[in-house]
Amino acid sequence: MRTEVPETRLERVWHRVVETFAALGTVLIGVLMVIICADIVARNTMGASLPLVSEGGGLLVVALVALQLAATVRAGRLARTEVFILPFAGRYPRAGALLNGLFDLTGAVVLGLIAWASIRVVEKDFSAGEFIGVPGLATLQTWPFRVLILAGFTIAAIESAIRVIAALRQTMGPRR
């Protein structure tokens, strides 16, 4: 019989961070829906689109996906071949844990590389004062979106690394 080990305080704090980022991503989905609906109303009533909708919407979509990615990793909901891995892990728990660990290691490396590359983008956007929109009509700084994207990918990479450690522990655990 397997007993659950209670979460440490650090684990509880980390889970709150991951869930807070996911909640912020959910709020951004609501903001994006309001923006799109307002643009539809503006097109139908005034015959013109609102400024910044397409550019801001694009940045919002990337930011909300990045913010919710760590919660997706934590829940084990990233796309994988579950038709194979679930029966395999059920029959060979250690080998299944190792295979899941390799999947998570790949995720940690790729997400970490994306986060690393995003640092330079944030620095450039901040120092150059990058913006979207039309000067004199409506503009919006891009660096706040880029910071959210960087933070989301960083948190997701760390969550993937935590899952690698958990898989290694399971791989080296007692035999059934």
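Which residues in α1 meet which residues in α5?

**Contact of α1 with α5**

In this predicted model, the α1 side of the contact consists of Trp14, Val17, Val18, Phe21, Leu24 and Leu28. These residues meet Leu148, Ala151, Gly152, Ile155, Ile158, Glu159 and Ile162 in α5. Sorted by class, the contact of α1 with α5 comprises 11 nonpolar residues, 1 polar residue and 1 charged residue.

**Geometry of α1 and α5**

Helix α1 spans residues 9-46 and helix α5 spans residues 143-171. Their axes come within 11 Å and cross at roughly 140°. The crossing in which α1 passes α5 is left-handed.

**Geometry of α3 and α4**

Helix α3 covers residues 82-91, and helix α4 covers residues 93-128. The axes of α3 and α4 come within 5 Å, with a crossing angle of roughly 140°. That angle makes α3 oblique to α4. As α3 passes α4, the crossing is left-handed.

**Contact of α3 with α4**

On the α3 side, the contact is made by Phe84, Ile85, Phe88, Ala89, Gly90 and Arg91. On the α4 side, Pro93, Ala95, Gly96, Leu99 and Asn100 take part. By class, the contact of α3 with α4 contains 7 nonpolar residues, 3 polar residues and 1 charged residue.

Conventions: Residues are numbered from 1 along each chain as its sequence is written. This is a predicted model: local features need pLDDT of at least 70, side-chain atom pairs count only at pLDDT 80 or more; totals for chains, interfaces and linings use all residues. Side-chain values use heavy atoms; hydrogens and water are left out. Axes are lines fitted to C-alpha atoms, for helices over the stretch in contact, and angles run from 0 to 180 degrees between N-to-C directions. Helices (H or I, at least four residues) and strands (E, at least two) are DSSP runs, numbered from the N terminus. Angles under 35 degrees count as roughly parallel, over 145 as roughly antiparallel, 65 to 115 as roughly perpendicular and the rest as oblique. A crossing is left-handed if the near helix is turned anticlockwise from the far one by less than a right angle, and right-handed if clockwise. Contact means heavy atoms within 4.5 Å. Ala, Val, Leu, Ile, Met, Phe, Trp, Tyr, Cys and Pro count as nonpolar, Asp, Glu, Lys and Arg as charged, and the others, Gly among them, as polar.
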